[in-house]
Amino acid sequence: MNWSAARVGLLALSVLYYVLDIGLLGWGLYLVTHPSFWGVNVGLLLLVLGLALRPRFGRVPRSSRRLSRDFAPLLFSLVKRVASDVGARAPDHIVLTLGTVVTLQNCGVRRRTTLYVGGLRWLALSPQTRVALLAHELGHTVNDDPNRSRLVQPMLTAVGSLAETTHAERTLADIVGRNRRRTNLAGRLGNAVLWVVSRPILLGQAALRAAGLGARHRAEYRADVVSASVAGTDAALAYVDRLLLARPIDRLLYNVAVHRPPHHWHVSVDTFVLAQENRLQLRGDDAIHAAELTDGHPPAGRRAQLLLAGPHREPSLIFTEAQSTAVDAQLASWLEATHDDLLGTREFIPRRRTAPRRTGLSDHLG
């Protein structure tokens, strides 16, 4: 374990946070059990504040949201194979969503891992680039990121939840100006009070993010190295380049979805990326831009630079077009729902099958 200044600082802040929370709850309970008019009211306020500041360990997704192994055995086999090459434990659950977010989260006191896969991101990637994506996310379990530790992450989640609950992202202009016609005077006063309350929370969140930003960036770089060791440098670089071009690719997919089926989208994206060769040669310019505190990822251009600077790696796991097609065939309802979501709105709920669909490729993925 690397005991860097960032790690020590985050652990110290976490301990102080837990001591503060326990102190608030203990003091509040003491005042409530030794009744007086002001004591009871202050005690109740301290109890509410202590409960609001309690660490959040996250919740394991409901069984209705979790993907069944019988529904997509080939995807589970692929993820297990990638995890084995990464040197990580396979995630406990997989949840399919319709957007672009792909992340691995620790949930509950027992730290169950859940892999969230966004359909829009999945469909934009070629088969080997999908391996790079999975290896990167699973690499976060072995890259020694203090922000994901059992002690620090619940604190960061709690502060982030408070900031979201109090709408800390809103400015005073949003409250006073833009919503004047929509909200009455009492509502505006309530929002103003909530804005005042949210300022210390926002400041604390920014301080915590700043304290862990360097460690978070190093964790991303290490996950990229893991991704290159499993999927190969070319695939890892292709994935980072697609992050660099994320906005134009999203616009491209909106146009492609009108006249092409989902399994052809990654071909359109690959063609588009090849046409952006001049822009990709300017990866260094993107690296100059400072990362925002609200984003834990370093600039995609800097990530690409580090991959290019390192040794070229050949893939340890090769995922063919035929294998990718077989996986997508088992995920057809999810991919169709992603397609429909681009054209309208549709919620995807994976249905359980009594027996896995046999394609003859499971031996290659197992």
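What share of the 366 residues of the protein count as buried? The share is 46%, with buried meaning under 20% relative accessible area, exposed over 50% and partly exposed in between (1.4 Å probe, protein chains only).

Before you click around: this is a predicted model, where local features need pLDDT of at least 70, side-chain atom pairs count only at pLDDT 80 or more, and totals for chains, interfaces and linings use all residues. Residues are numbered from 1 along each chain as its sequence is written, and side-chain values use heavy atoms, with hydrogens and water left out.

Start with the cartoon view: you'll find 17 helices and three strands (DSSP runs numbered from the N terminus; helices are H or I with at least four residues, strands E with at least two).

Now select R121, in helix 4 (residues 119-123). R121 is buried but has no salt bridge (a side-chain nitrogen of Lys or Arg within 4 Å of a carboxyl oxygen of Asp or Glu). Show D250 too: that's the nearest side chain of opposite charge, 5.0 Å away. Skipping neighbours within four places in sequence, R121 is in contact (heavy atoms within 4.5 Å) with G99, T100, V102, L133 and L243.

Next, hop to L151, in the loop between helix 5 (127-139) and helix 6 (153-165). L151 counts as partly exposed because its relative accessibility is 33%.

Last, zoom out. Among contacts with a separation of 6 or more, 73% come from residues 24 or more positions apart.

Note on methods. Lys and Arg count as positive and Asp and Glu as negative; His and the chain ends are not counted.
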